Amino acid sequence: MSLQFTRCSFQYGRKVPVLDRLSLTIDHRATVLLGPNGAGKSTMMGIAASWLFPTRGSVTWRGRKPDTARDRAAYRAAVGWLPQNIKPMPGLTVRENVAYIGWLKGMTRREAWDRSAPALERVKLASLADRKSHQLSGGQLRRMGIAGTLVHHSELVLLDEPTAGLDPSQRKVFRQVLDDLLTDVHVVVSTHQTEDLDAVYDHVVVLDRGKVRFQGDTAGFLSLAHPGLPESRRAEGAYTQLIEQEV
Ligand SMILES: Nc1ncnc2c1ncn2[C@@H]1O[C@H](COP(=O)(O)OP(=O)(O)OP(=O)(O)O)[C@@H](O)[C@H]1O
């Protein structure tokens with residue numbers, strides 16, 4: 001019952017491989033994916049979303065493979081994805097955008113429309129449902145994208161840097177939304193932010209240059225930090241410890 005990468009390799013064009021035979025099993029409710037710029041996190045998320053296809057190897061969610069067109073539709077209906085750069089449909093309202101995602105994922109127009117209202121409520125955007133999406137702030141736009149992953153009953157939600165550039169109050173709202181999501185879906189979040197990591201995530205993956213440097217529970221990750229560090233800096237310390245070893 002997991003997200004499984006099996007010997008996944010990927011490269012953009014003829015460039016150096018971004019992922020090189022990556023094998024990884026994610027079987028937890030809340031996983032955080034850390035790693036330096038260019039480590040391959042977005043590429044990995046894109047593959048998990050079946051937006052990118054590995055040049056070798058495979059990815060499965062709960063045993064489903066996104067290989068044929070039919071299987072891909074079922075896979076994508078079960079796996080929601082919030083990419084780093086969200087591109088809403090211009091001219092549509094917030095609610096129409098959310099319903100549109102549901103329709104793209106195979107729901108009827110009626111079902112997608114009906115489900116869009118509760119999805120917007122869950123991300124605290126119900127009051128902006130009729131606003132044009134281009135009028136939203138960055139944080140609101142991301143929450144709209146999360147509503148898009150909820151509208152089609154995702155089992156797994158992939159969030160690629162959902163809090164990058166958000167002010168502290170928007171980050172707080174995001175955190176509340178995430179806590180709510182975790183009551184019924186599995187979540188993988190890629191981020192550079194390590195604060196409050198142990199309060200949110202039960203599993204940590206650290207990727208560096210396309211390879212997994214660490215995978216384990218949050219307590220195991222934090223134990224890598226220098227023992228003298230205060231509680232609030234242990235996640236940062238553990239991360240630096242792992243990444244600096246490789247420089
Ligand atoms: N569309 C693309 N075409 C060519 N190269 C790309 C493309 N997207 C990413 N890359 C390259 O692939 C590598 C991995 O990028 P990726 O975006 O997956 O890393 P990341 O860990 O998400 O980085 P960041 O934290 O900066 O978002 C980088 O060297 C990047 O320059």
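**A walk through the predicted model**

Asp 196 counts as exposed, because 12 C-beta neighbours lie inside 10 Å. The cut-offs behind that word are simple: a residue is buried if 20 or more other C-beta atoms lie within 10 Å of its own, exposed if 12 or fewer, and partly exposed in between, with C-beta atoms placed from the backbone. Asp 196 sits in the loop between S7 and helix H7 (197–200). Helices (H or I, at least four residues) and strands (E, at least two) are DSSP runs, numbered from the N terminus. Asp 196 is not a glycine, yet its phi is positive, about 60°. Most residues other than glycine have a negative phi.

Before going on, note what kind of structure this is. It is a predicted model, in which local features need pLDDT of at least 70, side-chain atom pairs count only at pLDDT 80 or more, and totals for chains, interfaces and linings use all residues. Residues are numbered from 1 along each chain as its sequence is written. The predictor's confidence in each residue is the pLDDT, from 0 to 100. The protein averages 92, and 98% of the residues score at least 70. For the complex, the predictor gives an ipTM of 0.97 and a pTM of 0.94.

Glu 161 is another residue with a positive phi, near 45°. It lies in the loop between S6 and helix H6 (168–181). Is Glu 161 buried or exposed? Glu 161 is buried, because 21 other C-beta atoms lie within 10 Å.

Now turn to the sheet. It is open, has 6 strands in the order S5-S6-S7-S3-S8-S9, and its pairing is mixed. Which strands stand at the edges? They are S5 (79–82) and S9 (211–217); each has a single partner strand, so one side of each is left without a neighbour in the sheet. Neighbouring strands are turned by 15° against each other on average, direction ignored. Such axes are lines fitted to C-alpha atoms, for helices over the stretch in contact, and angles run from 0 to 180 degrees between N-to-C directions.

Two strands pair if DSSP finds at least two bridges between them. Strands of a sheet pair through backbone hydrogen bonds, either parallel or antiparallel. Start with S5. Its pairing with strand S6 (residues 156–160) is parallel and has 4 bridges. Here Leu 82 has Leu 159 in S6 as its bridge partner.

Next comes strand S3 (residues 30–34). Of its 5 residues, 4 are buried, so S3 is mostly covered. S3 is joined to strand S7 (residues 186–190) by 4 bridges, and the two run parallel. Val 32 stands opposite Val 189 in S7. S3 also pairs in the parallel sense with strand S8 (residues 203–208), again over 4 bridges. There, Leu 33 has Val 205 as its bridge partner.

Look now at the ligand. The residues around it include Tyr 12, Lys 15, Gly 35, Asn 37, Lys 41, Ser 42 and Thr 43. A residue is near a molecule or strand if its C-beta atom, placed from the backbone, lies within 6 Å of it. By class, the shell has 3 nonpolar, 6 polar and 2 charged residues.

Last stop: Gly 237, in helix H9 (residues 234–246). It counts as partly exposed, because it has 18 C-beta neighbours inside 10 Å. Beyond its neighbours within four places in sequence, Gly 237 is in contact with Ala 225, His 226 and Leu 229. Contact means that two C-beta atoms, placed from the backbone, lie within 7 Å. Gly 237 and Phe 221 are 16 residues apart in sequence, and their C-alpha atoms are 9.9 Å apart.

Note on methods: Nonpolar A, V, L, I, M, F, W, Y, C, P; charged D, E, K, R; others polar.
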